Amino acid sequence: MNKKEIFVNAAFKENSIWRQILGICSALAVTNLMLNSLIMGLGVIFVLALANFTISIIRNWTPRSVRMMVQTLIIASYVIIVDVFLKANMPEISKQLGPYVGLIITNCILMGRAEAFASQNGPLDSMIDGIGAGLGYTIVLLAISFIRELFGFGTIFGLQVLGSWWTNWSIMVMAPSAFFLLAIFIWIINTHYYKAKA
Amino acid sequence: MDINAFVLFWAAIFTSNILLTNFLGMCSYLSVSRELESALGLGTAVIIVLTVTSALNWVVYHYLLVPFGIVYLQFIVFIIVIAAFVQFLELLIERYAPALYYTLGIFLPLITVNCAIFGVSLFMVIRDYNFIQSVAFGAGSGIGWLLAIMMLAGIRRKLKEKLVPIGLRGAGISLIITGIMALGFVGFSGIVQIQ
């Protein structure tokens, strides 16, 4: 596979959220505001790209028995960087994201990509795969949070787009809407997928 | 945080259910909810691990990380504590209760990557709970998680013979069921507020 194929494959064809249903904890939790989703997505892209890169570099020297632990520690180190950066530069957003930044470590996407791709491929390819997978994740987050923020607050990225006539749907701010929207999202994509296959 | 530990325990089960309002532990929740028996096994394991690791992590955080000024290492340390405890529990069960090992032990490796465990430890630090509160919150969250996965497993068993649109099969319909369950749990939310 060439570099472009790797990227497209990771971002769309094998998209972690809608094809593999991985990493949806944070996809549900941070999508009440678009800005939160964007920051979270960028954080995941950063961690995925660099963790994949590092795991790929040391893949030939990692004993199989401690592989999982080594991968987790590498991922955790990059997550700490993201967390410290957010705390220092965007304290407000860091507070809103709360534990979900730290929870990138246990996000199944990270382990999934490390196992499925980085432990078998070269560093550069792995990095591209990481960026692609992270981008696919970010797109889903932004799509869900677009609907939730628009209907829940009448805003997009904090800018008022729906006028004063708009009544906010408080359900969009609450937890159940996240489940419903993600389900509908998966439904649409899967129907399309089965149609394309048939 | 000044809140009664007993109240916190009930709040963790109903008003701020770890899965239905905080979305934690979704991966294993969706994948292990096909059978009631395995849901019960995993749920029980989650209760045990959550209760013990929230206690362990509280001690580690307040007596190791804070005095040495290395709070920024909390993610790594918490993960190691959780992984080590799960490994230890697995060995213990295998050695002393082989029968239990086949119903419970097989789920233990899954738990290390269950974000509910790690998430509860992080919530405990962010909300500044004391020791008793942390244990109550951990146990309550575990029971809340068991409740959620058992409900889903029960509904999915009934759903087996029903016709579901092809695109919704599997994860899609489970998420919709979970959404309806979460909607039901919103009804509890006025009772006590801990967030």
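Is E161(B) buried or exposed? I found E161(B) exposed, because its relative accessibility is 64% (buried is under 20% relative accessible area, exposed over 50%, partly exposed in between, with a 1.4 Å probe and protein chains only).

A note on the source: this is a predicted model, where local features need pLDDT of at least 70, side-chain atom pairs count only at pLDDT 80 or more, and totals for chains, interfaces and linings use all residues. Residues are numbered from 1 along each chain as its sequence is written, chains are lettered from A and ligands numbered from 1 in the order written, and side-chain values use heavy atoms, without hydrogens and water.

I placed E161(B) in the loop between α8 (131–159) and α9 (171–186) of chain B (helices are DSSP runs of H or I, at least four residues, numbered from the N terminus). From E161(B) to V120(B) I got 36 Å, C-alpha to C-alpha, at a sequence separation of 41 residues.

Next, cavities: I counted three of 30 Å³ or more (sets of points on a 1 Å grid over the protein atoms alone where a 1.4 Å probe fits but cannot get out; lining residues have an atom within 4 Å of a point).

The largest cavity is about 60 Å³. Its lining includes L24(B) and C115(B) as well as G23(A), and helix α2 (residues 24–29) of chain A gives the most, three residues.

The second largest cavity comes to about 40 Å³. Among its lining residues I noted W58(B), H62(B) and D128(B); α3(B) gives the most, with three residues.

Conventions: Helices (H or I, at least four residues) and strands (E, at least two) are DSSP runs, numbered from the N terminus. On a 1 Å grid over the protein atoms alone, a cavity is a set of points where a 1.4 Å probe fits but cannot get out, and a pocket is an open set with protein on both sides within 12 Å along at least five of seven lines; lining residues have an atom within 4 Å of a point. Grid points are joined across faces, edges and corners, and a volume is the space filled by probe spheres set on the points.
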